[in-house]
Structure formats: C-alpha cells, structure tokens
Amino acid sequence: MGIGRYIVARMAWAVMVSLIIVTITFLLLAFAPNPSVSEAATQAALQGGDPAAAAERERALRGLDQPLYVRYADFLRGVYTFEWGWSQNRAQPVTAALKEGIYYTAQYSIPWTVLTILIGPLVGVYSAANMYSWRDHVATGFAFFGWAIPNFFFGIVLLVIFGVSLEWVPISYDPTVPVVSVANAFQLLLPVVVLVTGSIGAIMRVSRNESAEFQNAAFMKTARAKGVSPLRAYAYHVMRPTMVPLSTTLVSQLLVIFLGSSLLIEIVFGIPGLGRVTFDALINQDTNLVLGSTLLFTFIAVVGNLIEDIVFTILDPRISYDDR
Amino acid sequence: MEYPIPQGLLEPYVADEDVEGLQRDEELLDLSFAGNLGAYTLTEWIRDGGTRYERNSDYYLRAVGAARDDRSLLSAAPYFETARIEIIPEQSSRVAALETGNVDNVSLPPDRGQQFINDDETMVVLEPTPYNTILSVNMRDNGWTFGPGNLFRATAFRQALAAAIDKQQLIEGILNGFGTEHVTWQPAFSEWFPGTEELTMWGVPDDGVYGAEPARDRAKDALEEIDADYRYDGDTLVGPAGNQVELELYYNAASPTQELAAEFYRQEFEANLGFTLNINAIDATPFSENYWSGSPGEGEELVETIDGQTVRWERPSPANPGPRSVTAEEAWDLSTIFGLNTYPRNPLTNESFFDGPNSAYNPVGYYPEFDAQAVFQRMREAETRAELPMLPRSCFSHSTRNSPTLCSRSARTFRATTPRFAARSPTSQTGSTSPDGTRSNRCHKPTVPTG
C-alpha cells in the first residue's frame, strides 16, 4: 500500500487502540469501590439518618445504579462528543482541567523536548567522533549521571543550591507569571535542566553507538576523500542514518517518561501541570478525570508512534510501504 | 469542608433535584455568596496552583470595630491589600520558601521546628489540635490475623499494649519533643480533661506504667480471658501452635512520621511484649475503603447479645456495619492511619464513638465495658452547664481504663511566620493551614489602608 493508505490504516488502528485502552480503564474504575457512596452513608449515620437509603441515593445521583452497558454507552458518547464530564475533585469540566494541566506542563515540556532532541544526538555523535578520548568519557559520564540520578532528588538538590543558598531562582512556582517573560524562564530553568539531564542519557548512548558504526563506512571515506568538512560529514552523512533507529528511542523515551517525570518534577517544583492533575484524580478516584487523562495520553502515544513511523520512512528512503 | 449556605441559593436546585447544577453553581464554587462576611475576596483560583485574594473594604467587622472600644483594632481591618495561598506539595520546598522569604506563613514538620524557633527572624506558633494520634486495634472478627481468638478484645491486653510503648521517647525521638502524652480521649487543655490524678498514665515512664514487666503482667492476665492457648515461652508470646505471635500494622504511606512511629511500635512490642509486628504502608483511601469501613450487615446479622443484653444495630453504616461478626473486606490488626477529633469544645459529640457498641462511628468493634450510654444520656439531659464537668470527665476516665484505642500522642501543628507581619498586625495570619501542611500563605502589605 502507498504511504497515504498506510497512514489512514494506522489512524484507524489508533482509534481502535484508544477504544480498547479506555474500555479497560473504564471497567477497572467501574469495579473499584466508590468512596463517595460510603461517605454519604457515614454522614447519614452520624446525622441520625438512614445510611442504606443515603448510599442508594448517592449511587442513583452518580448513575452507579444503572447497568454497566448503559454507563459505558453514555461514557463513549461523551468521549467522542468531547463531553468528558465534570471533575468532582477540581469542580470544573474535565476538558477544562486537562487544558489547564497541559497549559502548565507545556511550558516546561516543550523546551525539554526540543533540548533533548537537539542535545542528545549531538552529544552522542560528538562522543563517537572522539571515541575513547577524555571528551568521550566526560560526555558519557555526564549522560550516565543524568540517567542514574532520580529526577526528584536532583531537583531538590538543585533547588537547595540555586534556590535557597544562592537565591538565583524562586523556590515556589508562580502560575500567574506571564508565559513569555524572564521570570517564567527563571522559574522553569531548574525543572527543564533536571528533565533534560535525565532524558539525554539513553539518547546520547544510542546515537553514539549507532553513529560509531558509520564512521568507517565506505560513504564516509568517500566524503572525506572529496574534502567534505568533518562538521558536514558528521552532521549530514552520519547523523541521518543514525537518526533512523534513534527516532524509535526518542519517541518511546519521551512518551514513557512524560507522565512519570512530569509528576515528580511538578511535585518538587510545585507546578500545577498534567502530571499532578492525573495523579490527584487517581488518588481521589475522580473517575471522569482519570478517564479523560487516560484518553489524552493514549492519543499522545498513538499519534507519537504514528509520527515515528512517518519520520522513519522520511529519514530512510529505503523503507517502503508499497508491499504492505 | 462544611459551612452554612444561604437557603435561597440552594432552593432551586433542591426543588429540581438538580445535582449537576448545584455542583457547578459559580457562587458556590468561588464562595462569592459570602458577600462582606470575609476579610478578603477571592480574585483568582488556580486549581493546584493556589488562590489570590484582595482586601474587602466592606468587611462587616469594621462596623463592630468602629462601635466598640474593645474591638477598635477591627475598625481599619483588614490590614493587607492582598493575600495569597500557594500550593507547594513538596515539604522541603515549602520550608525552603519560608527560609528565602518567598512565603510568610507555613506549616512546619517537627524535625524543622527547633531550627526556626532558634531563628530570630521567624516566629513559631505552636497550635494545639483537637485531633489525637491513635494506634487502633481491630476487635472485629477480621482482627488478630495471627490465629484463633482475638486478644485485642481483652481490656488487660489493650492496657498491656499501652504500657509497652514509651510515649515520651516516641514524642522526643519522632516528633522532636513537639507533642504531649495522651492517655485519655480528651487533651489536657480541654475543660473536660479528667485530671491526671484519676488517670493511669499508660506508657509514661516517669509518672505511669511502662516497661516489659508491667506490660507482660497485664498480657498474662489477658491470656486467661480467652479460650485459645496463648502463652509466654520465656519472653516470647506464642500461639497455640507454639509459633511467635505475628501481627500486621498499617500506616499511611504518605506520612514519614507514621512510618517512624510504626517502626518504633515494632521495637517496643518485640522488646516488651514478645510478639513481632509486620508494618505495611498503604494509602489512606484504599485502607478506608477495604480495611476500615465495612458493608453494613442485614437482618439477623445486626443483633447481638452483649453482657446479657440484646443490642440491635438500628442504623448500620460503613463506619459501624454491625456487630463484630460484620467486617470489612480485608483483615487487619493495628493501624495508625486515622486520628480522630476529641471534640474538646463539645464533649457530647464524642457519643459518636462511645455511645454503646452500635454508636455511629465504631469501625474497630469496640464494646464499652462501662455504661457509656447512661453517661451520655445524662449529658444530654443536663439542664445547666454546671452539671456537665463531672459527667464527661467520668466518661473519659473510663476510656483510659478501657483503652479502646491506644492514644499515643496529641501532636501540635506548627505555623511559622515572619515576625514583621505579626508585630504590625496580630491578625495578619490569613488563609488556612491544613493538618498535613500542604499550604503556605503569603501576605502582601504595601500600605495600611486608612479607609
């Protein structure tokens, strides 16, 4: 099939995948006990009322007394019309809660992603070009340090040094600061540094190993013989084939650590982002918001994988979808 | 949080049974219905990010201050132009924010209390709290998971447990000295506190009963009260099969203090009572749902004969689902997760806990061994305040002897603030501080308003 048909097929599969994941999540939450029902019963008992009646009333108000298939059908209808319900925990629509979370998360995740994509492969190729030299060891040591140290611990340490001792950056995140401002840049500096150092390790090592394979390839010898500068030789001739397998690592790395890292960093630095929204929803059993977050991350993952596949074929013209 | 809401605001939703509408009413969400009742008006609410307030120049207490000489300070209240509450989840970041001056008011953990007390630039306020910290024991049928019988049901064994824990060392070592021993349901600052003369000071080495010998003596008394063959093999408490007794304790996974306390309890019980404790971290919500609360019983399940009297659970609830035979899904032995309100201002409210086996709140299956219902009935019937003091005091003396839960300590919450604000305006501490200290406050004070 041509690439057009391949993309359409992949998107249809993406919809199916999201449906499966959301269904599983819905079922897991549906069978989990709901604290509001027991709270209603307890309240009624303390006030001299009928706890059983209060529990039944609470179930009726929340629609929990309806058959599972009815609740599921209502839920699916809401999902595809973007009526994702009301977040009990945050007292606002789920879509509004997710938008607010994305608004704050994007402020650090976009620079984090851009810097990771830029710095990781460059450091890896540089390390490969100076393999086994002290430059290689320093770069590798730096990459492994960032990979090994827990993000939340590193964040706290940096906060103590640069926030408390040196007072170069604020301790607490101020969400009212304008997005494009020096103050916002300062307060996001440490979270971005922590996340970048944590994510470039694996990318750097993969790019180093992959690019090392091509250094002595025939096309590189030809390039050197033709007088191509080392910079162009590495940036164009080596980097491109390196990015083919690296794109897989890049996308999977960034998706896998998106929620985990963002939650820990958001807690340490007090950023009211998507990670905290999702975590608080889970802890408080805010069903609608948990499902909304799950759907959002499902779409992110599916679209991310689709982008990865498309990038794959652009980077490597040898890959064809004609025979699929 | 509970607060009064104007009836007129609720009526349309009640009439239409419009739950969704009630949940989404803007006036209820941003408390704008409060009008001039608050010193500050909410201007911005960033979920998980905090709240912003501006001065309410129509604050109703200004009129009180203008009319009364003894309240004259209120005539120009409030004294700050703006106020801000920030959400800083990470405890070390919260304290660091106070150190750097990013915030002016914060709840402190016990291990940082002394540092700020010694700091001249910070004022630390120790606030007594009505909440106790207790070690609950499960007297229901799903308690005492080790084997046959349930030693927790024996008053003497509960006293043994209380005598085995050194409260003073716990307070010094884990709370850095910021707490008081708690041997009865009422804190010492309460008007209804029975006084130490009437109390046995369980777990207080200096003035009371503590140590391996007194603890084991009481434990041995308890062993004779139950049918199963538990005994002491030297210093080790063993069950019918000859194995050392091993129990399960659950603590809040989010609380380092509870984790330390749980470890301490394990050491004390092993040393003083000869049984081992497996400590388990668990989040409060699943513990509440699966261990603490039970599905209410039905029919004949709700009737039991206790001390020759028939007791019926008229209104079973998850907090007291029925007799001891009606249990939660999961078994457990001991727990430190929930502290309870001692209601020091209104002791009658404690009837929820003590008013008989079928009281409103009794997850642990406690059957009072004194006539608590009669005491509370007399409290309810008291016609003058003068009649009250002796009644709750007698109740709480009994609670010490019976030890339904092991009251370990009455912790204090810390609020540290920069003294410059406190010095200029004693009422400058706006905002609220939750018991887990997840909020810190900032007050902005460019000028004192003259209007």
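Visitor: Where in chain B does B:Phe80 lie, and is B:Phe80 buried or exposed?

Guide: A residue counts as buried if 20 or more other C-beta atoms, placed from the backbone, lie within 10 Å of its own, as exposed if 12 or fewer do, and as partly exposed in between. B:Phe80 lies in the loop between helix H4 (61-67) and strand E3 (82-87) of chain B, where helices (H or I, at least four residues) and strands (E, at least two) are DSSP runs numbered from the N terminus. B:Phe80 has 26 other C-beta atoms within 10 Å and is therefore buried. The C-alpha atoms of B:Phe80 and B:Tyr53, 27 residues apart along the chain, are separated by 10.0 Å. This is a predicted model, in which local features need pLDDT of at least 70 and side-chain atom pairs count only at pLDDT 80 or more, while totals for chains, interfaces and linings use all residues. Residues are numbered from 1 along each chain as its sequence is written, and chains are lettered from A and ligands numbered from 1 in the order in which they are written.

Visitor: Why is helix H5 (residues 91-100) of chain B described as largely enclosed?

Guide: Seven of the 10 residues of that helix are buried, so H5(B) is largely enclosed by the rest of the structure; among them are B:Arg94 and B:Glu99. Just after H5(B), B:Gly101 takes a positive phi of about 85 degrees.

Visitor: How do H1(A) and H4(A) cross, and which residues meet?

Guide: Axes are lines fitted to C-alpha atoms, for helices over the stretch in contact, with angles from 0 to 180 degrees between N-to-C directions. The axes of H1 (residues 3-30) and H4 (residues 68-80) of chain A come within 11 Å and cross at roughly 135 degrees. The two helices are therefore oblique to each other, the class left over when angles under 35 degrees count as roughly parallel, over 145 as roughly antiparallel and 65 to 115 as roughly perpendicular. In H1(A), A:Val22, A:Phe26 and A:Ala30 meet residues of H4(A) including A:Arg71 and A:Phe75, contact requiring C-beta atoms, placed from the backbone, within 7 Å. H1(A) passes H4(A) in a right-handed crossing, meaning that the near helix is turned clockwise from the far one by less than a right angle.

Visitor: How many residues of each chain are in contact across the interface?

Guide: 35 residues of chain A are in contact with 34 residues of chain B. On the chain A side, H2(A) supplies the largest share, seven residues.

How values were computed: Contact = placed C-beta atoms within 7 Å.
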